[in-house]
Amino acid sequence: DVTEIEEREAQAKQEEQIMKEQELSNLLHEKRYLKALGLAISLDRPHTVLTVVKAILKEPEGRRHLEENIVRLRKDQKEAVLAFLVTWNTNSRHCHEAQAVMETLLRHEEPESLLHFSGIKPAVESLLPYT
């Protein structure tokens, strides 16, 4: 009977998720945006990533801070943010944040590098009608 083991594993995963959520909340409160972005991306939480981006943009010199944080993300994290911003861009309430992130990616990534991002073609096709 493995039911008890599976229940313990499920409980452990749930506890880990709660801990990560608390850590994310603490990072946002402490304005440690790079770590907050990384954690929200790893949790696959597009809305939370958007919340972090909005918090960064509200800061004085927000654009510059956003640029600094986006540039420091790993390639896989940038790919995830690209996928998220495609969805954000379709909503008029979030399109400005999506465009700010997109601008940063376009300024700091070489075109050849962008071509190697997974999902770049569908992302560009989805962004064009709304941009």
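Helices (H or I, at least four residues) and strands (E, at least two) are DSSP runs, numbered from the N terminus. By that rule the chain has 8 helices and 0 strands. This is a predicted model: local features need pLDDT of at least 70, side-chain atom pairs count only at pLDDT 80 or more, and totals for chains, interfaces and linings use all residues. Residues are numbered from 1 along each chain as its sequence is written, and side-chain values use heavy atoms, with hydrogens and water left out.

**Overall build**
- The C-alpha trace spans about 55 × 35 × 25 Å along its principal axes.
- Of the 131 residues, 36% are buried (under 20% relative accessible area, 1.4 Å probe, protein chains only).
- Contact means heavy atoms within 4.5 Å. Among contacts with a separation of 6 or more, 57% join residues 24 or more positions apart.

**Surface and charge**
- Accessible surface comes to about 8,600 Å² (Shrake-Rupley method, 1.4 Å probe). Carbon and sulfur atoms hold 52% of that surface.
- There are 18 positive and 23 negative side chains (Lys and Arg against Asp and Glu; His and the chain ends are not counted).

**Helix α1**
- Helix α1 covers residues 3–29, and its end C-alpha atoms are 39 Å apart.
- Lysine 31 follows α1 and has a positive phi, near 60°.

**Lysine 78**
- Lysine 78 lies in helix α5 (residues 75–89).
- Lysine 78 counts as buried because its relative accessibility is 9%.
- Beyond its neighbours within four places in sequence, lysine 78 is in contact with Ile70, Val71, Leu73, Leu105, Glu109 and Phe117.

Key. Buried < 20%, exposed > 50% of the residue type's maximum accessible area, 1.4 Å probe, protein only. Charge placed at Lys NZ, Arg CZ, Asp CG, Glu CD. Expected span 1.5 Å × (residues − 1).
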